[in-house]
Amino acid sequence: MTTDELVALLTRANEAYRTGNPIIDDDTFDHIYLAELKKREPEHPYLDQVQPDTVGAGSSKIRHTEPMLSTDKAYNQEEVTAFVVRVQKAADAQEIPSADIRFRITPKLDGMAARYSDGILATRGNGQLGNDITRNIKRGLVMLEGEKAGVRENTGVGEIVIPEQYFNDVLADSFSHPRNFVTGLIGADNLSEEAKEAMQDGAVQFVPYSGLKASECDVEDLLADAEGLCEKIEKACIYPLDGSVIDVLNLELRIEMGATNHHHNWQIAKKSKGVTAVAEIEGITWRTGRTRRITPVLNVKTINLSGADISNVTGHNAGNVKNLNVGVGAHIEIVRSGEVIPKLLGVVKPGKDADIPDLCPACKAPAKMEKDFLVCQGETCVAQIEAQLQHFFNTLGNIDLFGPSTINTLVENDIRDLAAIYKLQASDFEGMGFGPKQSTNLVAQLERSRSEEVEDWRLLAAFGIHHLGKGDAKKLLAVYKLEALDQLTSEQLIEIPGFGEITAESIPKSIALHWLAMKTIIDLGFNLRKEEKFDVTESVITDQFIVFTGAMQSSRDDMKAAAQRLGANVQSAVNKKTNYLVIGEKVGAKKIEKAESLGTKVVTEAEYLVMIGAES
Ligand SMILES: [Zn+2]
């Protein structure tokens with residue numbers, strides 16, 4: 001490979017990495033290709049540039065008030081020591097005693113770098129100019145606070161990340177790395193189902209570096225055991241990491257040391273190299289999830305990796321397993337860094353072709369490939385039923401003991417829906433093999449889930465209606481009553497901020513389809529709590545159909561929301577049902593004529609406000 005080819009490869013690999021579709025893993029990038037370029041041409045300009053990220057390209061450009069640079073890297077104690085020596089040299093020049101040099105160690109989050117200031121969130125971009133990605137805050141990105149000089153604030157430089165645990169629990173079956181998932185969704189024009197749910201669950205978070213738990217140390221500490229100090233701070237962090245950042249704290253030293261085009265000279269990232277091992281595949285287990293996707297788990301001969309016995313490695317999806325030929329007998333390299341579940345790094349020796357099952361392992365219905373995913377085609381897939389029941393109890397959140405094994409036993413005993421579960425007596429549970437004490441407890445938990453107060457939107461989200469997660473359920477029930485959702489129309493839904501055309505179209509249909517089952521559960525009498533400020537107040541416009549048009553004195557969105565709280569059905573256009581057309585300024589005569597011809601009463605904004613009692 002010529003040096004030009006090497007640089008081209010590095011550039012392409014970096015671009016792929018930054019858009020969430022890496023073509024080589026981080027370690028190979030750093031230790032093989034980048035190391036090779038450093039060896040061949042230490043002064044190559046490629047090594048002195050901030051590698052651009054292109055997420056959000058196409059949105060407006062934001063100039064960073066100060067450049068967002070990369071970080072120089074250290075992979076071992078020797079390289080950290082070399083850094084400390086450089087700092088000491090600068091301290092000598094400033095006549096600062098070595099004992100007065102202070103360092104701070106902060107976890108280095110493995111997400112997507114971003115900066116938030118003056119209400120604008122921007123990517124790093126090329127370090128000088130970033131892309132505006134502020135719209136993600138409206139889409140549900142959680143902005144966490146940091147602390148600067150004792151002041152709580154959510155501004156500054158940080159990373160967009162997903163907590164490790166959430167990724168492992170919810171996304172690891174479908175995505176190979178949290179960073180890829182994050183960069184994919186931040187740049188996407190339309191959020192995928194998974195991305196929407198993660199946003200609604202508050203799992204996608206902007207974390208300013210000032211908000212992370214850090215530790216301070218001096219020259220002696222760093223020279224003695226940099227790795228140990230970093231590990232300690234990394235262990236306490238709940239986000240995916242790829243090491244720690246070591247900063248010099250003395251301001252005069254920072255000024256003395258300065259920066260290159262690429263990085264600050266007073267800062268270094270101590271990268272943690274994940275522990276890798278080679279394991280042999282003995283088989284593949286397929287599991288069907290709630291969405292009927294059938295995902296592969298690679299069963300390997302048990303090996304020990306950084307203190308944990310590993311016998312299963314996620315294969316992500318059927319397409320991946322097929323492309324990599326990781327069937328029985330294959331030797332695969334796996335890596336485990338931090339507390340991340342082990343992931344497949346590469347194939348050392350291919351095995352037999354992986355067998356992709358024709359049938360769903362849970363319900364034996366035919367399974368078909370849909371893009372990279374193997375999907376059960378069964379309408380009443382057992383795995384799907386179990387997963388839906390599990391989703392119900394998890395989302396409700398006020399019931400214990402109904403975990404996977406309990407639910408599995410119920411379904412095996414032909415108890416397949418919630419109505420049947422809520423009818424069960426202790427004797428029924430005993431008949432299925434549960435102990436007497438456990439049976440009493442199970443009944444008590446079912447009772448508890450109905451008597452203990454729970455938010456109404458949780459119950460709605462628990463039904464698992466497509467496109468109706470916790471966030472959207474909350475927005476919907478802020479306007480309409482749970483008990484009357486069978487009357488909900490697409491026209492009403494699209495008027496609620498946060499619902500688009502596709503969801504407004506599909507949600508009422510799905511509710512209609514499942515309404516009987518939903519109503520049965522609602523009628524069991526849960527102790528539902530409704531957000532008080534959204535209680536509908538009876539008024540002259542309750543149950544009336546209203547359209548707002550023209551330029552209003554107050555914001556039209558506010559007027560719509562107020563009307564909805566007064567029980568009105570706000571429509572987007574006049575039709576036969578419309579009772580009132582509220583007109584602002586500059587409304588065409590034709591519009592008014594048409595409304596009147598349909599029997600709609602036309603009122604001005606002022607008349608309307610008097611009518612609802614907002615003004616007299
Ligand atoms: Zn199935």
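## Domain contacts and salt bridges

Between domain 5 and domain 6 an area of about 730 Å² is buried, and carbon and sulfur atoms give 46% of it. On the domain 5 side, Val479, Gln492 and Glu495 lose the most area to domain 6, together 59% of what that side buries. The model is predicted.

The domain assignment of the protein chain places domain 5 at residues 455-534 and domain 6 at 545-611. Their C-alpha centres lie 25 Å apart. In the contact between them, 8 residues of domain 5 meet 9 residues of domain 6.

Polar links across this interface can be listed briefly. There are 2 residue pairs in polar contact between domain 5 and domain 6, both residues being at pLDDT 80 or more. The side of domain 5 that touches domain 6 has 4 nonpolar, 1 polar and 3 charged residues. The rule finds 1 salt bridge across the interface of domain 5 and domain 6. Glu495 forms a salt bridge with Lys560, with the closest N and O atoms 2.9 Å apart.

The structure as a whole holds 25 salt bridges. Side chains of opposite charge can pair when their charged atoms come close. The table gives some of the pairs.

| Salt bridge | Closest N and O atoms |
|---|---|
| Arg104 and Asp247 | 3.0 Å |
| Arg293 and Glu194 | 2.9 Å |
| Asp400 and Arg448 | 3.2 Å |

Arg104 and Asp247 form a salt bridge. This pair links distant parts of the chain, with Arg104 in strand S3 (residues 102-109) and Asp247 in strand S13 (residues 241-248), 143 residues apart. Arg104 counts as partly exposed because its relative accessibility is 30%, whereas Asp247 is buried, with a relative accessible area of 6%.

Arg293 forms a salt bridge with Glu194. Here too the pair links distant parts of the chain: Arg293 lies in strand S16 (residues 293-305) and Glu194 in helix H7 (residues 193-200), 99 residues apart. Arg293 is partly exposed at 23% relative accessibility, and Glu194 is partly exposed with a relative accessible area of 22%.

Asp400 forms a salt bridge with Arg448. Asp400 sits in the loop between helix H11 (382-396) and helix H12 (404-412), while Arg448 belongs to helix H15 (residues 436-451), 48 residues apart. Asp400 counts as partly exposed at 42% relative accessibility, and Arg448 counts as partly exposed at 24%.

Salt bridges also link Glu453, Glu455, Arg458 and Arg529 in a network.

How values were computed
Residues are numbered from 1 along each chain as its sequence is written. This is a predicted model: local features need pLDDT of at least 70, side-chain atom pairs count only at pLDDT 80 or more; totals for chains, interfaces and linings use all residues. Side-chain values use heavy atoms; hydrogens and water are left out. Domain bounds come from an automatic or database domain assignment. Contact means heavy atoms within 4.5 Å. Buried area is the accessible area (1.4 Å probe) that two parts lose on being put together, summed over both. A salt bridge is a side-chain nitrogen of Lys or Arg within 4 Å of a carboxyl oxygen of Asp or Glu. A polar contact is a pair of N or O atoms within 3.5 Å; within protein, one must be able to donate a hydrogen and the other to accept it, and residues adjacent in sequence count only if both atoms are side-chain atoms. Ala, Val, Leu, Ile, Met, Phe, Trp, Tyr, Cys and Pro count as nonpolar, Asp, Glu, Lys and Arg as charged, and the others, Gly among them, as polar. Helices (H or I, at least four residues) and strands (E, at least two) are DSSP runs, numbered from the N terminus. Buried means under 20% relative accessible area, exposed over 50%, partly exposed in between (1.4 Å probe, protein chains only).
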